[in-house]
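Let's take a walk through this protein, starting with a term we'll need and moving on from there to single residues, a few helices and the overall build. Keep the viewer open as you read.

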Amino acid sequence: MTQFGLMRLPRSVLFGCGQRAALADYSQRIGSRALICTDARLAADPQFLTMIESLRERGTHTLIFDATQPDLPTDSIRACIEMARAFKPDHVIGIGGGSVIDMAKLAALLLTHTSPLSAYYGEFNVPGPVLPVIALPTTAGTGSEVTPVAVVSDLERGVKVGISSPYLIPEVAICDPELTVSCPPGLTAYSAADALTHAIEAFTSVTRTPEPELSNKNVFVGKNVLSDHYALLSICSIWPHLKAAVAHGSDLVAREHLMLGSLAAGCAFGSAGTAAAHALQYPVGNLTHTPHGMGVATLLPYVMAFNRSACVKEFATLARVLGLDAGVPASDDALSHRFIDATAELFAAIGIPRTLAALGLPDDQQKWTAEAGFAAKRLVNNNPRALDVESLEAITRAAYSGERHAFL
């Protein structure tokens, strides 16, 4: 059997408690004028202020944009660029959650290249290198600090759109679990559920024929031997510690495992990609205005149930590495069911809604949701089981009613 792998990662990835103190050193190696992207809450945080002071003490000129909005609406991006252009930064630092880091990526893009933002939608549409980005995540969820994608809420089109290019991968990722301790329980739950969904979808994404041109035609190439390594690391890091981190936010051991899991999930899906749960979440999020992680986690057990026939071996492998066989011999088929059930129960235990109805999706929007999800071709084509509008609608209807076992 021929093995195939692909990784696209930052030049430096730094993980560990207290490692945020290395920011000034990394920044100084890159340049002397830093645009700092963050949000209003973090801009007043003592840890953030300490990092900014350390930059300034080392002679770095800084400009802070602290108006990043959740889900990154296009008008927020325009406001950042208008503020930053005259400053002429030579690098961008993102300190915050996924939307903040995506803002830093897109600021680096738009301060380098002059086309409208919409010209870069899709895959491989960024024409060349962008300003270097240093990413410091303050949530354990999106993995954006190591991925080649940024997600935008296009207000004119009324949709969320992905921009995917290896040029968007940050130069440096600094992952300090202490930055996540202040995350409230809800945000901790939704963020970690997002990371776990990334890892499970990466581990079960489509396996493509490894033609030499595959990585030049697809930003996300599907399941591969390297992405599997990181997906397993992610799942084994997050699963045993998720409930503890949500219930006891000061539990630094649990926080470390969640951030490691989020980082590893980003490494996994940054090359393998995600699939149907993310394709459907784009329209679900637009209609319900609920957190991204909440939406993908609500959808995931139903997507897993639909995909099970194509993923029996992978689901059984995950059940075994997590100890769900519990010493009782079981077939791959039985363990694949058990893993899906256990995932649904884990998510329910941390407050993820069990159905799209509970999430707030209107009953009469299920067909539109399927049609809009099908338009996300890079995600649909990455699913391990072939999808069309009818099958996506079957998933949304099952997820709306809670009839997951219709697929099993």
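Contact here means heavy atoms within 4.5 Å. With that in hand, look at Gly31, which touches Asp90 and His91 once residues up to four places away in sequence are left out of the count. This is a predicted model, by the way. Gly31 sits in the loop that links helix 1 (23–30) to strand 2 (33–37). Is Gly31 buried or exposed? The cut-off for buried is under 20% relative accessible area, so Gly31, with 15% relative accessibility, counts as buried.

Gly16 is in the loop between strand 1 (12–15) and helix 1. Its relative accessible area is 11%, so Gly16 is buried too. Setting aside neighbours within four places in sequence, Gly16 is in contact with Cys175, Asp176 and Pro177. Arg208 is 192 residues from Gly16 along the chain, and 35 Å separates the C-alpha atoms of the two.

Now for a residue in a strand. Ser164 belongs to strand 8 (residues 159–164). Because its relative accessible area is 0%, Ser164 is buried. What does Ser164 touch, if residues up to four places away in sequence are not counted? The list is Gly122, Glu123, Phe124, Pro148, Val149, Val219, Phe220 and Arg378. Take Gly122 from that list: Ser164 and Gly122 are 42 residues apart in sequence, yet 5.9 Å apart in space, C-alpha to C-alpha.

You'll find Thr369 in helix 15 (residues 366–374). Its relative accessible area is 0%, so Thr369 is buried. Its contacts, leaving aside neighbours within four places in sequence, are Leu280, Pro283, Val284, Leu287, Leu361 and Thr396.

If you like checking backbone torsions, two residues are worth a click. Leu72 has a phi near 50°, a positive value in a residue other than glycine. His289 isn't a glycine either, and its phi is positive at about 55°. Both are in loops: Leu72 in the one between strand 3 (61–65) and helix 4 (74–84), His289 in the one between helix 11 (276–288) and helix 12. What about their surroundings? Leu72 has 0% relative accessibility, so it counts as buried. His289 has 70% relative accessibility, which is why it counts as exposed, the cut-off for exposed being over 50%.

Helix 8 (residues 225–238) has 14 residues, and at 1.5 Å a residue they should span 20 Å; the end C-alpha atoms are 20 Å apart, so the two agree. Helix 6 passes in the same way: its 19 residues should span 27 Å at 1.5 Å a residue, and its end C-alpha atoms are 27 Å apart, which agrees.

How are these helices covered? Helix 6 is mostly covered, with 15 of its 19 residues buried. In helix 8, the buried residues are Ser227, Asp228, Ala231, Ser234, Ile235, Ser237 and Ile238. Which helices do the buried residues of helix 8 pack against? They are helix 6 (185–203), helix 9 (242–247), helix 10 (252–272) and helix 12 (292–321).

Time to zoom out. The protein has 17 helices and nine strands. Its C-alpha atoms fill a box of roughly 60 × 45 × 40 Å along the principal axes. For 408 residues, a compact globule would have a radius of gyration near 22 Å, and the protein has 20 Å, so the value agrees with that rule. Of the 408 residues, 58% are buried. Among contacts between residues at least 6 apart in sequence, 79% join residues at least 24 apart.

Last, the surface and the charges. The accessible surface comes to about 15,400 Å², and carbon and sulfur atoms account for 53% of it. There are 30 positive and 38 negative side chains in the protein, and the centres of the two sets lie 3 Å apart.

Key: Residues numbered from 1 in each chain as written. Predicted model: local features only at pLDDT ≥ 70, side-chain atom pairs only at ≥ 80, totals over all residues. Heavy atoms only, no water. Helix = DSSP H or I, 4+ residues; strand = E, 2+ residues; numbered from the N terminus. Rg over C-alpha atoms; globule rule 2.2 N^0.38 Å. Buried < 20%, exposed > 50% of the residue type's maximum accessible area, 1.4 Å probe, protein only. Areas by Shrake-Rupley, 256 points an atom, 1.4 Å probe, with all protein chains shown as cover. Lys, Arg positive; Asp, Glu negative; His and termini not counted. Charge placed at Lys NZ, Arg CZ, Asp CG, Glu CD. Expected span 1.5 Å × (residues − 1).
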